[in-house]
Amino acid sequence: MMERRWFFLIAASVCLMLLSGCWSKRELNEIAITTAIGIDRVDDKYKLTIQVINPSEVSSKQMTTRTAVSTYTAVGDSMFETIRRLTTLTPRQAYMSHIRNIVFSEEMAAEGIGKVLDFLSRDHEMRTDFYLTVAKDMEAEDLLKVLTPLERIPAQKTYSSINTSEENWSAVQSIQISDVISTMISKGNNAVLTGLRVVGNPEEGSKLTNVEKVDSPAQIRVDELAVFKRDRLVGWLNEEESKGYNYILGNVKSTAEYAPCKNPEQGGITLELFNATNKMKADVKGEHPKVSVSIDVKAAIADVECALDLSKPAEVAKIEKQFEKIFVELMQSSIDAAQEDLQSDIFGFGDLIHRQEKHYWKSIEKEWDTIFPEIEVTLDAKVQIKRTGTTIDSFEKELEE
Amino acid sequence: MGTEKISAFQLFVLIVLFEMGSAVVLGFTFKANQDSWMVILFSMIGGLLLYLLFTHLSNYYPALPLTEAIVKITGPFIGPILAFFYIIYFFYLASRVLGDFTNLMQITILRQTPFIVITIVFTLMVCVASILGLEVIARTAEMFYPLVIFSGTLFLAFVYLDGLPDFRNLLPVLDKGWEPIFSTVFPQTITFPFGEMIVFMMFFPYLISSYKRKQVGVLGIIVSGIILTLLSITILAVLGSEGAKIVAIPLLETISLVNIQDIIQRMDPIVIITMIILGFIKITLFFYAAIIGLHGLFQIPRSKRPVVVISAGLLLIIITFLIGLEYTEHVNIGLQVIPYYVHVPMQLILPLFLVCVAWIRGRIKWN
Amino acid sequence: MSRFFRSKRQNPQENSTTIKLYPSLQQNITHFKQTVGESTDIVIRTFKAGQTGSMDIAVLYTSGLVNNELVHDFILDTLMSEIRKTPLDAPAHKSKRYKTKHIEENGNKAYQLIKDYAMTGGNVTDIDTMEKLFLHVLSGDTVVMLDGSIQAMAIDTRGWESRGVEEPSTQSVVRGPKEGFTETLRTNTALLRRRIKDPNLWIRSKPIGSKSKTDVAVVYLHGVADEKVVKEVYHRLNKINIDAILDSGYVEELIQDETYTPFPTVYNSERPDTIAAGILEGRIAIVVDGSPFVLLVPALFVQFFQSAEDYFQRADFSTLIRLIRYMAFFLALLTPSVYIALTTYHQEMIPTSFLVSLSAQREGVPFPAFVEALLMEITFEILREAGVRLPKAVGSAISIVGALVLGQAAVEAGIVSSAMVIVVSLTAISSFVSPSFNFAISIRMLRFGFMSLAATLGLFGILFGLIILTLHLASLRSFGVPYLSPMAPFIGADQKDAILRFPRWKLTTRPRLINQSNMDREDAKAPKPEKRKRLNQRKEQE
């Protein structure tokens, strides 16, 4: 019976606590759901832009004349300080857990994003499932202001664009903070971030008219990769090089590749890739380490404009050979860019050597940055055409006859 | 010892949950970089040896908890002092773990809530459990056991289904040789969480079939060791050793990355719920061990249990508040000072000493 | 009556006021009339019988409680016409003085004669005290008293107007027996006896309540039920000291292990099949006269998720349904609190698009989520209570008002968000799933606690509540059996019929903690119908 009395005592103290409670509470209509942060550099200060959702506009069924998102910009000495300073502008507290993108301006990225990443990974209100991106040739602030049709939240649009094109085009790569941090710390690897750019007129982008037209005057596009060395931006890979980069690393899930026919006037052949695997090997016997990369591509013929008889295995083998050459060229262009222009080991060849030959790696670890441009990379591609589509013969051939 | 009894299965469940307790939050040390998972395996073996030492010690007085066995072994002069040391030790561990979990709650889900409030709520649970007794604690653990195992499986399933792990992160094996592995194994991981099993010496007398304590304990350590190794490998493969080192709670970080087709996403509650349950079990066991020790040492009757528990609970809140407020300091002390100066003497040296004394006394008696 | 019922403690008043029957009939009748205050429903018919017509006989019964036909045809008729000529009284030639002197001897002789040779009633009991006389007359027996006898005989003629066996209004099933218990004890025990025709089905009863004298019967399968639990039940029933028992709920409250718990530790059912199944598992049923709800102990947590129908339907289907019930239990308990916790503390755990739409709904709602939820939940509880008490004809009107006017209008007025309406309706529907009404009540109570915990500490608060709740459940016992068994303590063999329901031929053991001696049920073999081919072969052989 004693126990019961104590139980009541405990229950009473719980009730007391309940009365004084609610410290971390935030009602849904007291928070501003932030979907993207843009970080610019202005005179040694951070210029932060947040893109905030206007929930009733996003989920309303009727057309309204108000935009689905708003942006707020503030300048401050540190990230956290600036975020707090934003409350002088926003009616509600900015809520950071639903961020989809972090956009760095090129200037910011060139100065180094290490400190920002430290803040982002430290602040536990932020989940770490957002994508890190760099805005090419423009301020991050302006990029966040571009309104997008179809997907009402621009950040969500960018997020899904990256996802879809990663799956279907494979020129870009979605980069999360955990990827970047481990590659940045590692001596034998460097990070890339997804590049964003606006095609069309950025001025028009922030107006509601941007989403009222069939063909939006300003569109956000993802097709390039920003290359970093340590935490600084050193340059860009263009679409081709980005694709080569993804082939080398085996990131390609599915894409399309085009090769001209023997007679270029006829047009070309397009392959639909459905599987690409890579193999990397390091060889440290010689003076400079050697790396060999081979990829194994399985594809289907998606489109044939040439006069070819695809029922003959010899013809198919010829196409395979042709594409193998194209893949090697693609990869080579990417390697060239990394070794010559950018001098940044974005492929993680250093880590590869580390994994394979840990003792050798210890001897060259410190000079890796100078060794990397010198290493010899042998590339090899193997293409297997598994399907030739539902028509066996190209009827282009019939037309010719 | 009253009529409270726990079954062998209940002991097993308690051991597994206990082992996974703070290990899930802080026990994963990634000091040995990509080889950290080996650290757990080796510590498990060391832990097994320690456990065999404990059961051997308990063979001398199987019907008595550790503190009372100590009094029997070392006599009425030193005995109570040593026993009291152990009570303080258990109590201190309870407050350390409580501090860990309070901090965890603060950095994850209750950012603005004051430290003391979370401590009080945790202590309330622990007090209620301690008043109700070991049998109820064991049954509660038995109820939560499937839940914990289920969430663990779910965690692994989601992470692997999403294709997050990249096993290249585990390479190269033995990058810096064996040295970093063994320097983390001893004394750090071997004492925490495996050496902490010494607390179960307080509960052996309650076991129905007490001859099973060796098998059950060994099985429990192996099972929990394997689970911990699996989790550790997964975390390393997902985050990479560098990534795992810098984040506060690697397990939570890993699950938060899961996003399968936008359907299965934001699975953090799985980890947080499991953590709270595991923390509760761990704190309760330490706390309850201290309470049993107090009862035995000062011969307090069972009917005074609530008074003892409530006063000890108040003390627990105060001590936790004092030692746990500074998180970094708290963690540092936990990883650098405690293993050497507290865990090793209490978990290894003293038990060895006791075994020796008991053995010598046994010899003398026989001759 | 059982010897357990004879302990000294229970009948202090009876012992102190026991009055033996007087030999004189007149004295008895006078005393009787005085005590009942000449109540008009009690019939006292006196007449004379015997060769000389000098033997005074009185027949006492309460009109309305007896079966009139029985009384007239078998008692009055027998006594007044058939044995008219039997020499009950003293021989005519004896003197008056002799008669007065030997009146007692004579009366007793006559009493024995009537009892042994003449009384055609079935259940005849001897009465020797005034108290028993009252008890029998007032419970519907007919009492025959003879002048000079110190005993009276009570003939069971109970037969009052009562409700017939109807379909039970609670715990209804789609498939299965549709009989339900009634308010009459004998009907109820008969319903059980009809299902278990075993000599080991022991039914023992005694009246409880100093004023109501309600018959309470303990029914169990001797040799299967745990003797310790049976003793405990008797012990607790004997300890009851109350003036009246009007429903089995009184008994339940007086014998349960723990009063301060929201969970029922005594099972009750209106269904004879459920109770019979419980008895067959080794449980003990307590039937209370005047209540169609029969109690069953020991009651375990899992029992409240089992419906009689689980055993009448296919095993796989029943397992699924049981799992759904557990799910509904958690939904009913936690939905509002989880909603509150997620929307006010852990928005990061809600997928973005969902959060945006929730957020849009909450725009303009003036209250915090907790107050909003409380408002709706309380409204709903009021509606439910109103629905139960209202006459059936008005009931449907209430549901229209509740559903349409309150829900729809509140959303449109912007007082609550539509997500909250969904949450509350989900909770409400889920709480109706539990096959046991009193268990559903406990969920309703706990829900509010969880809501306030969620409002204070979010998910952590909910977990706090759940841990305390589990600790509490783990500490409960029902007649010595841990409430959470067979989950905690874990009993492998009993898992076959706890959360899951295994095929019937697998259920060969009784629950372990309920009865520890007689574990095995009849060994049922898995049905293996002979294959057509083998049948054909046999035909050929023949």
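1. A word on conventions. This is a predicted model, in which local features need pLDDT of at least 70, side-chain atom pairs count only at pLDDT 80 or more, and totals for chains, interfaces and linings use all residues. Residues are numbered from 1 along each chain as its sequence is written, while chains are lettered from A and ligands numbered from 1 in the order in which they are written.

2. The sheet in chain C. Five strands make an open, antiparallel sheet in the order β1-β2-β4-β5-β3 (chain C). Strands here are DSSP runs of E with at least two residues, helices are runs of H or I with at least four, and both are numbered from the N terminus; two strands pair if DSSP finds at least two bridges between them. Because β1 (42-49) and β3 (124-127) of chain C each have a single partner strand, they stand at the edges with one side left without a neighbour in the sheet. From one strand to the next, the twist averages 20 degrees. Four bridges link β3(C) with β5 (residues 152-155) of chain C in the antiparallel sense, and C:T125 is found opposite C:A154 in β5(C).

3. Helices on that sheet. Helix α2 (residues 25-35) of chain C packs on the sheet and touches β1, β2 (55-62) and β4 (142-146) of chain C, its direction making about 20 degrees with that of β2(C). Helix α5 (residues 103-118) of chain C lies across β2, β3, β4 and β5 of chain C, at about 145 degrees to β4(C). Angles run from 0 to 180 degrees between N-to-C directions, with axes fitted to C-alpha atoms, for helices over the stretch in contact. Contact means that C-beta atoms, placed from the backbone, lie within 7 Å.

4. Chain B against chain C. Here 24 residues of chain B are in contact with 22 residues of chain C. On the chain B side, α9(B) gives the most, with six residues. By class, that side of chain B has 16 nonpolar, four polar and four charged residues. Nonpolar covers Ala, Val, Leu, Ile, Met, Phe, Trp, Tyr, Cys and Pro, charged covers Asp, Glu, Lys and Arg, and the others, Gly among them, are polar.

5. Chain C against chain A. In this pair, 23 residues of chain C are in contact with 22 residues of chain A. The chain C side draws at least two residues from each of α11 (315-344), α12 (352-362) and α16 of chain C, and α12(C) gives the most, with eight.

6. Helix α4(B). Is this helix mostly covered or open? Of its 18 residues, 16 are buried, that is, with 20 or more other C-beta atoms within 10 Å of their own. Just after α4(B), B:G133 takes a positive phi of about 105 degrees.

7. The cores. A nonpolar core is a set of buried Ala, Val, Leu, Ile, Met, Phe, Trp, Tyr and Cys residues joined through C-beta atoms within 7 Å. The largest has 328 residues, and those with the most contacts inside it include B:L17, B:F90 and C:A285. Helix α16 (residues 437-475) of chain C gives the most to this core, with 19 residues. Leaving aside residues up to four places away in sequence, B:F90 touches B:V199, B:F286, B:A289, B:A290 and B:G293. A second, separate core of 27 residues includes C:I75, C:L133, C:V143 and C:A152.

Conventions:
Contact = placed C-beta atoms within 7 Å. Buried ≥ 20, exposed ≤ 12 C-beta atoms within 10 Å, placed from the backbone.
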